[in-house]
Amino acid sequence: MSTPKKRNFQIEAFKHRVVVDPKYAEKTWKILEHAIREIYNHNASGLSFEELYRNAYNMVLHKFGDKLYTGLVTTMTMHLKEISKSIEAAQGGLFLEELNRKWEDHNKALQMIRDILMYMDRTFIPSTHKTPVHDLGLHLWRDNIIHSKKIQARLLNTLLELVQRERTGEVINRGLMRNITKMLMDLGSSVYQEDFEKLFLEVSANFYSVESQQFIESCDCGDYLKKAERRLNEEVDRVSHYLDAKSLNKITNVVEKEMIANHMLRLVHMENSGLVKMLVDDKYEDLGRMYTLFRRVPDGLSTIRDVMTSHIRETGKQLVTDPERLKDPVDFVQRLLDEKDKHDKIIGSAFNNDKTFQNGLNSAFEFFINLNPRSPEFISLFVDDKLRKGLKGVSEEDVEVVLDKVMMLFRYLQEKDVFEKYYKQHLAKRLLSGKTVSDDAERSLIVKLKTECGYQFTSKLEGMFTDMKTSHDTMQGFYASQGGETTADTPTLAVQVLTTGSWPTQSSSTCNLPAEIMGVCEKFRAYYLGTHTGRRLSWQTNMGTADLKASFGKAQKHELNVSTYQMCVLMLFNNADRLSYKEIEQATEIPSSDLKRCLQSLACVKGRNVLRKEPMSKDIGENDAFYFNDKFTSKFYKVKIGTVVAQKESEPEKLETRQRVEEDRKPQIEAAIVRIMKSRRVLDHNNIVAEVTKQLQSRFLPNPVVIKKRIESLIEREFLERDKVDRKTYRYLA
């Protein structure tokens with residue numbers, strides 16, 4: 001069976017030729033032109049938009065798109081020229097209203113025209129790369145209205161005048177301004193920028209330049225900053241109401257430059273109202289305003305920070321070098337803390353807790369605290385005062401606050417080992433006299449020091465607490481071993497056994513204890529050495545205290561709380577009514593300086609004068625004679641007789657402490673040098689000094705001269721050797 005043959009079909013063009021009326025295009029355009037005019041004249045209600053759309057469609061379809069487009073341009077241009085004349089004729093304030101009204105009319109008309117010519121917009125215009133109808137309407141408005149010779153300059157001047165009037169306090173029609181500036185933006189960002197924004201910024205710069213000069217001549221710093229802040233807020237408000245959002249940064253930059261950046265130094269240094277005055281008077285609001293405004297301009301915050309740091313340095317320098325302030329160590333440290341609290345509050349409240357400001361404050365404090373070589377001693381005395389009596393009745397939280405503040409000052413110290421020396425001495429006195437206000441507070445501070453400086457720093461301090469506990473147990477054992485040997489007349493002994501390495505004991509010549517006391521002491525020595533082998537006891541009579549029962553005239557009886565030295569002196573008067581200074585010295589063998597202080601407190605302090613002195617004077621002379629004061633009275637049964645002693649060290653004591661500190665530093669410096677050389681093997685002198693300083697700066701700043709001496713010592717002892725070629729390079733000897 002054969003398959004049917006395929007047939008090919010072909011579609012041919014329509015043979016009959018369609019003849020178009022030669023006047024078709026002209027007639028159709030006339031209809032459309034009339035419609036466009038009617039739309040502009042607000043007579044569009046009688047038009048058939050469907051018929052008009054079909055006419056425009058057919059013109060494009062029959063290849064008359066070019067005629068349609070050209071006619072549209074001509075018609076719109078002619079109409080806009082007429083509009084231009086009516087806008088130009090508007091007088092005064094009616095000018096912008098007329099321009100705004102005509103612009104709204106033009107936009108409505110443009111929408112209708114675009115709807116009628118939609119087919120041309122979608123087909124003819126893309127294929128011929130012409131401007132779309134809506135954009136064409138905007139361009140023609142720009143060229144014939146906005147860039148009209150008579151309108152362009154007038155429009156700009158009118159807008160700038162309105163802004164100026166608003167800046168001087170007048171109320172303007174913001175809605176109208178918004179419409180006009182939006183029109184400029186709708187015509188293209190370049191139109192808004194070139195025809196308005198550019199000159200607006202220039203005029204604003206001139207305005208604020210003149211105004212800032214007037215303000216700075218007539219206002220103090222605080223008032224000037226308020227005015228600058230208000231002006232900035234006004235410009236932000238202005239942009240939000242009737243300017244392009246992109247203008248915000250530009251106009252605020254102008255205000256910042258003219259009102260802040262150009263007058264920055266003059267403002268911070270303004271006499272009687274500048275930054276220093278604000279800091280002194282705690283003007284938190286003004287300082288906060290200055291911070292907020294200055295952070296907007298380059299180098300603004302660094303300017304404030306540098307002036308603040310410089311002021312704190314100067315204030316602190318005066319504080320630590322004022323001889324009057326140095327008379328009272330506790331007040332000295334309290335003033336430092338008050339100064340720190342004051343500036344911490346300023347940085348927190350006004351400077352947004354800015355870390356760079358906090359760093360500036362810390363560097364200033366570190367600078368001036370270390371100007372006074374006695375700062376470590378004074379801080380330790382402050383702690384001593386607080387832990388003796390200053391924190392009685394204070395809650396644990398408040399105690400922690402005080403201790404944290406002390407630690408903050410401690411961190412600024414470069415000679416932390418000097419603080420440790422004094423702190424150890426003061427802690428020893430508190431523990432031995434039982435005067436510490438709270439063991440918890442003492443231990444809390446040691447924990448803080450341990451966290452800050454490590455175990456090595458506090459190991460001896462912790463050892464002191466251990467000794468106190470052990471001594472308590474030892475005394476219980478001692479009295480248990482004595483059984484019934486003690487009688488009412490036997491002195492009661494309480495011994496604190498102190499480990500030599502932990503306590504700041506001085507090698508003092510022991511005084512002659514009264515026979516009654518010596519007997520009990522020998523019993524304790526025998527007991528202790530019997531229970532502990534390989535130990536040696538030496539009495540630290542300069543650190544002890546005693547309670548004595550004393551009888552005076554008229555059957556007056558008192559219990560006297562005295563030092564061990566004072567006890568030795570007073571008990572001599574059991575066997576004599578009068579003793580000369582020389583006799584007392586010979587009998588007790590108390591060192592001369594200690595004996596004079598001891599006698600001064602017994603004979604020269606009103607209300608505590610259990611002895612009389614001849615001749616009567618405040619100072620003790622070697623030819624003085626002393627009598628038992630039978631007429632002594634006191635309203636208290638228990639009378640504490642303190643030793644006349646300076647709160648601060650005397651010059652010889654200071655030198656001795658300093659020498660001890662320097663001696664203690666030598667092995668630490670040597671240990672650091674050996675550690676470094678052990679790991680590096682070979683190193684030059686400058687790098688050794690730098691490394692040693694880095695390792696030890698948490699405790700103290702080693703002197704390069706001392707480091708050099710310690711290197712020489714290590715070379716002598718053959719830990720190190722000099723390089724044979726380069727004498728400034730050292731080698732480690734294993």
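Arg37 and Glu33 stand four residues apart in helix 1 (residues 24-40), so about one helical turn separates them. Helices here are DSSP runs of H or I with at least four residues, numbered from the N terminus. Arg37 forms a salt bridge with Glu33, and the closest N and O atoms are 3.7 Å apart. A salt bridge is a side-chain nitrogen of Lys or Arg within 4 Å of a carboxyl oxygen of Asp or Glu. Arg37 is partly exposed at 31% relative accessibility, while Glu33 is buried with a relative accessible area of 16%. Buried means under 20% relative accessible area, exposed over 50%, and partly exposed in between (1.4 Å probe, protein chains only).

This is a predicted model, in which local features need pLDDT of at least 70 and side-chain atom pairs count only at pLDDT 80 or more, while totals for chains, interfaces and linings use all residues. Residues are numbered from 1 along each chain as its sequence is written, and side-chain values use heavy atoms, with hydrogens and water left out.

The structure holds 48 salt bridges.

| Pair | N to O distance |
|---|---|
| Arg37 and Glu33 | 3.7 Å |
| Glu211 and Arg231 | 2.6 Å |
| Asp473 and Lys469 | 3.3 Å |

The side chains of Glu211 and Arg231 meet in a salt bridge of 2.6 Å, N to O. This pair links distant parts of the chain, with Glu211 in helix 9 (residues 189-218) and Arg231 in helix 10 (residues 221-242), 20 residues apart. Both residues, Glu211 and Arg231, are buried.

Asp473 and Lys469 belong to helix 22 (residues 455-482), where they lie four residues apart, about one turn of the helix. Asp473 is partly exposed, with a relative accessible area of 38%, whereas Lys469 is exposed at 53%.

A network of salt bridges links Glu166, Arg167, Arg174, Glu235, Asp237 and Arg238.

The surface also carries a patch of negative charge, formed by Glu396, Glu397, Asp398, Asp439 and Asp440. Helix 19 (396-412) and helix 21 (439-453) are the elements that give two or more residues to the negative patch. Helix 19 supplies the largest share, three residues. Glu396 is placed in helix 19 and is exposed, with a relative accessible area of 63%. Patch residues have over 30% relative accessible area and no salt bridge, and like charges are joined within 9 Å. Asp and Glu count as negative, and the place of a charge is taken as CG of Asp or CD of Glu.

Terms used
Patches are made of residues with over 30% relative accessible area and no salt bridge: like charges are joined within 9 Å, nonpolar side chains (Val, Leu, Ile, Met, Phe, Trp, Tyr) within 5 Å. Accessible areas come from the Shrake-Rupley method with a 1.4 Å probe; for residues, only the protein chains shown count as cover.
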